Amino acid sequence: MIVTKKIFILSKIYFLIFIIFFLFIYNNSNAQLRRTIDSLQAIEQSCLDSGIGMANCSGEFSHQMDSILHIVYKNIQTNLGTSQKTALKKEELLWLKKREINDRNGRKSAENEFAHSSIIMIACHDDAGFVIDRIFSIIKKWDFKKVYSN
């Protein structure tokens, strides 16, 4: 139990370091964002490899990807005109519906109080992958470099 708490706290600290890095030192490069996500994936994998609290590892990683997606959305919206914001919002709502459908077979079954932790771990990990795909999809579509160069 103590080891699980230490791993959880350590993953939170790493996450905060990467988010701070992402927000303040970001160098307008999709490659840098990819390295940040890869680093977070490596932390998740290390946590999973420990064999302790594996569902928590994937759950934390899923939350981290949600946080990055939120930051990307907010930064893109800041530099869009009204019609572009409306278009992005519509696109976001459609994606959320797709995510809900994706979650039905994964996270929904994992929310059952009797679900095995491996089911929860897999559902969270799959959701994180779905979010990562979305992050790079909106970056490509909404010209992330241009948004950050303002």
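This report walks through the packing and a few side-chain contacts in the structure above.

We're looking at a predicted model, where local features need pLDDT of at least 70, side-chain atom pairs count only at pLDDT 80 or more, and totals for chains, interfaces and linings use all residues. Residues are numbered from 1 along each chain as its sequence is written, and side-chain values use heavy atoms, leaving out hydrogens and water.

Let's start with the core. A nonpolar core here is a set of buried Ala, Val, Leu, Ile, Met, Phe, Trp, Tyr and Cys residues joined through side-chain atoms within 4.5 Å. Buried means under 20% relative accessible area, exposed over 50%, and partly exposed in between (1.4 Å probe, protein chains only). The largest such core has 22 residues, with Ile-37, Met-65, Ile-68 and Ile-135 making the most contacts inside it. A second, separate core of five residues includes Leu-48, Ala-55, Cys-57 and Met-121.

Next, the rings. There is one aromatic pair (ring centres of Phe, Tyr or Trp, the latter by its six-membered ring, within 6.5 Å; planes under 30 degrees apart are stacked, over 60 edge-to-face, the rest tilted). Trp-95 and Phe-130 have ring centres 5.6 Å apart and planes at 20°, so they're stacked.

| Residue | Relative accessible area | Class |
|---|---|---|
| Trp-95 | 7% | buried |
| Phe-130 | 21% | partly exposed |
| Glu-91 | 16% | buried |

Leaving aside residues up to four places away in sequence, Glu-91 touches Arg-134, Ile-138, Lys-141 and Trp-142 (heavy atoms within 4.5 Å).
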